[in-house]
Amino acid sequence: MKFRKTGSVFLSLWLALPSLAFEEQRIWEAARQVDELVEKAQREAGVEPNAPAEEEVFLRRIYLDVAGRIPSFEETVAYQANEGPAPRSTLIRELLHSEAYVSQEFHYWADLLRLRYDGNDNAAPFYLDWVKSAIREHMPYDELVRRLVTAEGYAWDDPAVGFYTRDKGMPLDHMAFTVRVFLGTRMECAQCHNHPFDEITQKEFYHMAAFTYGTRGDMDPRQTLKLYDYVKRNRKAIQEDEVLTEREIRRTLRDLTLPMNAGAREVGRDLRLPHDYQYDDASPKEKIGPGTLFGEAEQGADLRETFADWMTSPENERFTRAIANRMWKKVMGRGLIEPEDNFTADTVASHPELMAYLESLMRQLDYDLRDFKAVLYNTRTYQREAMSEDIDLAKPFYFQGPLLKRMSAERMWDSVLTLAVPHLDERTLDLGQEKRSREREWQARRMLELGSFTIFKMAEEIARRSGQAQIELQSVRQEIVEATEKEEEKRLEALRKRAGELNRTYRKALSEVRESYLGKPPKPSALAEGKKGQGEEEENPWKDWYAGLVRASELVSPAPTDHFLQVFGQSNREVVNNASDKGSAIQALWLMNGNIYPIVTRGQSVLMKNLAQEKDLDGKRDVIFRSMLHRRPTPSEKEMFALQVAERGNKAVGDLIWMLLNSTEFAFVQ
């Protein structure tokens with residue numbers, strides 16, 4: 001079986017070679033066309049392009065841009081020893097097909113789509129995982145946008161509904177966000193008045209919003225199952241009950257049905273102009289139907305399908321131009337149109353011929369963003385030395401090389417962990433979050449099977465248990481107050497013990513009621529099967545590592561306010577592209593005095609294990625430079641290290657690690 005499996009892999013590769021060669025040739029030819037257009041503009045402007053970047057500079061840059069982290073020491077050594085043809089193109093292709101690429105790319109879309117999971121949105125975990133899967137499977141961009149816009153149902157059936165649950169209760173804001181992200185056009189102003197700097201009117205904004213206004217970002221099971229009807233019918237009996245209260249039953253129904261909220265649905269509501277509408281092309285509170293900003297849309301039975309058809313059409317120039325410009329800026333550091341999300345009727349690209357070619361290329365590649373970026377990464381333009389001078393935003397920029405930039409918070413975090421944690425790209429946080437999400441899904445599915453009356457009876461029983469517990473606990477609390485006032489320590493201790501027992505009994509009773517109706521949730525063992533990072537303990541390379549030391553894409557999104565990622569400028573995901581790459585004093589203090597240096601220099605770290613294989617200090621010095629800056633030390637750096645060794649001995653190794661970790665060369669993408 002093993003031989004047959006291996007043979008089939010080789011056969012698949014052999015059959016794929018002609019196709020692969022064709023794709024590589026097409027990418028190479030497109031990259032040369034981009035270079036010709038860039039260099040033509042440079043010649044006409046009398047501008048000299050930067051020199052080609054050295055191999056070690058390119059290596060570090062391509063890893064940070066595509067893999068979202070610095071290369072490991074082993075990856076650095078392997079690349080620098082590669083004498084095969086086109087090593088740069090080969091590395092670009094390998095990284096674009098790696099799991100590291102998925103992690104890096106996720107952050108770009110998380111910032112753009114404002115992906116967040118704070119525990120309140122039950123659809124969010126499914127949505128975030130779906131975005132990662134779309135990247136991993138390189139879903140075409142137009143298909144991804146269509147899936148988002150037309151998403152409907154429960155989150156576990158269609159995870160893309162997170163696109164709507166993210167802005168639950170804000171349908172007008174959501175349309176403004178949609179147009180800004182996918183069409184590069186800001187419509188926010190037109191919610192309240194005609195756009196002051198564009199031709200968009202308030203009425204046109206409402207026409208656009210009408211396409212998705214009938215979509216709600218929740219399933220609202222209490223209403224759809226008419227659960228509150230049972231509360232109303234039984235109101236008299238509830239009022240006469242000594243334990244039950246209507247408030248407690250409603251609260252219990254809300255808690256029970258919360259997992260069933262995760263989704264989006266059509267409610268068919270009409271959109272009307274605001275009561276204070278002031279223009280003479282319509283009347284206040286007038287009903288508004290769907291209509292596009294520009295171009296024509298073929299009206300279909302489904303408004304969102306119509307909207308998706310119009311927006312993602314290859315004939316919709318703004319759709320293609322917006323994503324082509326975004327990808328150019330992502331790779332080169334500056335867009336051909338700036339800002340990248342403020343297109344107007346008068347917008348002209350800084351290099352119209354190049355912009356037109358990129359739009360054509362995007363269509364030719366059928367909106368495959370991975371191949372599109374492969375073209376850009378293979379250009380001479382990208383592979384030149386970075387532009388370190390300040391850019392005059394008022395003057396044309398000729399892309400003599402990509403812009404020098406500081407690492408994003410996520411790249412900095414992932415790069416630090418690359419020095420420390422083994423097999424970083426394979427490590428996931430744990431199954432806790434996924435387990436909770438699957439349990440919510442299971443609970444929601446079970447409750448939908450039970451039906452409205454049974455759900456109400458379960459809520460009634462839980463509310464009764466809860467009410468009885470509150471009565472008993474209130475009595476104990478009153479006795480605790482009395483015992484405290486009288487300073488009766490022994491009685492106080494017994495009462496606190498009694499309160500604890502009541503709470504445990506209460507929780508156990510609630511669990512028993514739930515299980516009597518729903519049964520027990522399935523064990524998570526099947527969920528863990530095949531999960532990367534799982535295995536026998538003796539084979540686990542992360543046995544002694546803190547669970548939170550994983551790539552940023554595996555952590556809560558966004559990270560807590562006191563986490564490294566937030567300190568270094570991670571977006572709070574409240575608005576589009578809200579991340580910051582600005583330095584600060586607190587960032588310097590984190591690197592100098594925080595827990596980053598101890599993580600990198602602990603005995604089990606990748607860096608320290610590599611250093612242990614070197615017998616002399618000069619060998620250790622070279623490993624440190626090739627691990628952190630991916631180059632060999634200069635003569636002056638060697639001399640400085642020698643002086644440090646003479647003064648500090650073996651401690652000079654730790655000093656060098658600390659110094660490079662705090663250097664600007666480590667923090668920047670050259």
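This is a predicted model: local features need pLDDT of at least 70, side-chain atom pairs count only at pLDDT 80 or more; totals for chains, interfaces and linings use all residues.
Residues are numbered from 1 along each chain as its sequence is written, and side-chain values use heavy atoms, with hydrogens and water left out.

Helix 17 and helix 18 pack with their axes 9 Å apart, at an angle of about 140°, and that makes helix 17 oblique to helix 18. Axes here are lines fitted to C-alpha atoms, for helices over the stretch in contact, and the angles run from 0 to 180 degrees between N-to-C directions; under 35 degrees counts as roughly parallel, over 145 as roughly antiparallel, 65 to 115 as roughly perpendicular, and the rest as oblique.

Which residues of helix 17 and helix 18 meet? From helix 17 there are Leu358, Leu361 and Met362, and from helix 18 Leu369, Phe372, Val375 and Leu376, with contact meaning heavy atoms within 4.5 Å. By class this contact of helix 17 with helix 18 has 7 nonpolar, no polar and no charged residues, where Ala, Val, Leu, Ile, Met, Phe, Trp, Tyr, Cys and Pro count as nonpolar, Asp, Glu, Lys and Arg as charged, and the others, Gly among them, as polar.

On a 1 Å grid over the protein atoms alone, a cavity is a set of points where a 1.4 Å probe fits but cannot get out, a pocket is an open set with protein on both sides within 12 Å along at least five of seven lines, and lining residues have an atom within 4 Å of a point. Grid points are joined across faces, edges and corners, and a volume is the space filled by probe spheres set on the points.

The structure holds 4 cavities of 30 Å³ or more, and about 140 Å³ of space lies in the largest cavity. Its lining has 13 residues, of which Ala134, Ile135, His138, Met139 and Leu369 lie nearest the centre, and the elements that give two or more residues to that lining are helix 5, helix 6 (124–136), helix 7 (141–149) and helix 18 (369–377). By class, this lining has 8 nonpolar, 1 polar and 4 charged residues.

The second largest cavity has a volume of about 50 Å³, and the largest share of its lining, 3 residues, comes from helix 27 (residues 606–612). Its lining divides into 6 nonpolar, 4 polar and no charged residues.

Helix 5 also takes part in the largest pocket, where helix 5, helix 16, strand 6 (405–406) and helix 19 (409–418) each supply at least two residues of the lining. About 1,400 Å³ of space lies in this pocket, and of its 37 lining residues, Lys329, Gly333, Lys405, Ala579 and Asp581 lie nearest the centre. The classes in this lining are 10 nonpolar, 11 polar and 16 charged.

How do the axes of helix 5 and helix 16 cross? The axes of helix 5 (residues 99–113) and helix 16 (residues 317–332) come within 13 Å and cross at roughly 125°, which makes helix 5 oblique to helix 16. Gln104, Glu105, Tyr108, Trp109 and Leu112 in helix 5 meet Ile323, Arg326, Met327 and Lys330 in helix 16, and these residues divide into 5 nonpolar, 1 polar and 3 charged.

Finally, a word on the backbone. Most residues other than glycine have a negative phi, and most peptide bonds are trans. The peptide bond from glutamate 338 to proline 339, however, is cis, with omega near -10°, and proline 339 is found in the loop between helix 16 and helix 17 (352–364). Glutamate 487, although not a glycine, has a positive phi of about 55°, and it lies in the loop between helix 21 (452–485) and helix 22 (489–518).

Definitions and conventions
Helices (H or I, at least four residues) and strands (E, at least two) are DSSP runs, numbered from the N terminus.
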